[in-house]
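Here is a short briefing for a first look at this chain. Keep the sequence and the 3D view open while you read.

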Amino acid sequence: MSDATKPQPSDNLQADMSPEELEAAQAANEADALEALAQLQGELAALQSKNADLADQYLRAQADVQNARKRADDEVTKARKFAVEAFAESLLPVTDSLEAGLAVQDATPQQIREGAEATLRQLKSALERNKVIEIAPAPGTKFDPHQHQAISMVPAPGQEPNTVVGVLQKGYTIADRVLRPALV
């Protein structure tokens with residue numbers, strides 16, 4: 001006998017069952033199928049709800065990122081716009097001192113010198129507060145091409161080669177960046 005002609009176990013059960021039993025079994029199968037369908041539909045609805053929540057969370061996160069980017073751009077724009085504000089504020093007393101010195105009509109050379117020295121101290125203080133540091137290498141200091149610019153080379157008896165002999169013009173750095181190298 002081939003498999004196709006062999007009686008199947010379910011065929012034997014159905015043949016042994018009365019029509020009422022068959023109808024009850026079909027109704028039970030339909031009820032199980034409906035229950036499974038209802039369960040799957042419930043799972044589908046839950047997954048669709050979760051999908052909608054995740055899509056909403058994604059859109060909110062995307063909006064948050066765009067808002068953060070806009071705020072950062074605004075802050076950078078403001079920082080650029082007002083970057084020199086603190087520096088300018090620290091220079092205002094220097095301007096005031098210079099104007100006050102020029103307003104004195106009958107100042108003696110000694111008073112003018114003292115006023116200029118005081119104003120220079122104010123200016124140096126303002127520069128230091130704003131991280132502008134002077135580069136003034138002492139004689140005998142090793143030449144540093146990152147901070148010094150050689151104007152000429154001169155024989156210096158008693159000193160090692162490639163050392164600073166004298167400073168023609170001071171240099172300046174700001175936050176470890178050279179604004180102007182010292183001319184040596």
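Among contacts in the chain with a separation of 6 or more, 56% join residues 24 or more positions apart. The model is predicted. The chain holds four helices and five strands. Its radius of gyration is 45 Å, whereas a compact globule of 184 residues would have one near 16 Å.

**Overall build**

- The elements run α-α-α-α-β-β-β-β-β from the N terminus on.
- Along the principal axes, the C-alpha atoms fill a box of roughly 135 × 50 × 15 Å.
- Buried residues make up 9% of the 184 residues.
- The accessible surface of the chain is about 15000 Å². Carbon and sulfur atoms account for 57% of that surface.

**The sheet**

- Three strands form an open sheet, in the order S1-S3-S4. Their pairing is antiparallel.
- Strand S1 (132-135) and strand S4 (177-180) stand at the edges. Each has a single partner strand, so one side of each is left without a neighbour in the sheet.
- On average, neighbouring strands of this sheet are turned by 35° against each other, direction ignored.
- Strand S3 covers residues 171-174 and is joined to S4 by three bridges. These two strands run antiparallel.
- Which residue in S4 is the bridge partner of Ile 174? The partner is Arg 177.

- Is Thr 119 buried or exposed? Thr 119 has a relative accessible area of 8%. Buried means under 20%, so Thr 119 counts as buried.
- Leaving out residues up to four places away in sequence, Thr 119 touches Val 94, Ser 97 and Leu 98.

- Side chains of opposite charge can pair when their charged atoms come close.
- The count of salt bridges comes to four.
- One of them joins the side chains of Arg 113 and Glu 117, at 3.3 Å from N to O.
- Both Arg 113 and Glu 117 lie in helix H4. They are four residues apart, about one turn of the helix.
- How do the two partners stand towards the surface? Arg 113 is exposed, with a relative accessible area of 53%. Glu 117 is partly exposed, at 35% relative accessibility.

- In the salt bridge between Glu 134 and Lys 124, the closest N and O atoms are 3.8 Å apart. This pair links distant parts of the chain: Glu 134 is in strand S1, and Lys 124 is in helix H4, 10 residues apart.
- In the salt bridge between Lys 170 and Glu 134, the closest N and O atoms are 3.4 Å apart. This pair also links distant parts of the chain. Lys 170 sits in the loop between strand S2 (148-149) and S3, 36 residues from Glu 134 in strand S1.
- Glu 134 is partly exposed, with a relative accessible area of 34%.
- Lys 124 counts as partly exposed, at 32% relative accessibility.
- Lys 170 is partly exposed too, with a relative accessible area of 32%.

**Ala 150 in the S2-S3 loop**

- Where does Ala 150 lie? Ala 150 is in the loop between S2 and S3.
- Its relative accessible area is 45%.
- Ala 150 touches Phe 143 and Val 184, not counting residues up to four places away in sequence.
- Ala 150 and Val 164 are 14 residues apart in sequence. In space, the two are 8.7 Å apart, C-alpha to C-alpha.

Terms used
Residues numbered from 1 in each chain as written. Predicted model: local features only at pLDDT ≥ 70, side-chain atom pairs only at ≥ 80, totals over all residues. Heavy atoms only, no water. Buried < 20%, exposed > 50% of the residue type's maximum accessible area, 1.4 Å probe, protein only. Contact = heavy atoms within 4.5 Å. Pairing = 2+ DSSP bridges. Axes fitted to C-alpha atoms, helices over the stretch in contact; angles between N-to-C directions. Rg over C-alpha atoms; globule rule 2.2 N^0.38 Å. Areas by Shrake-Rupley, 256 points an atom, 1.4 Å probe, with all protein chains shown as cover.
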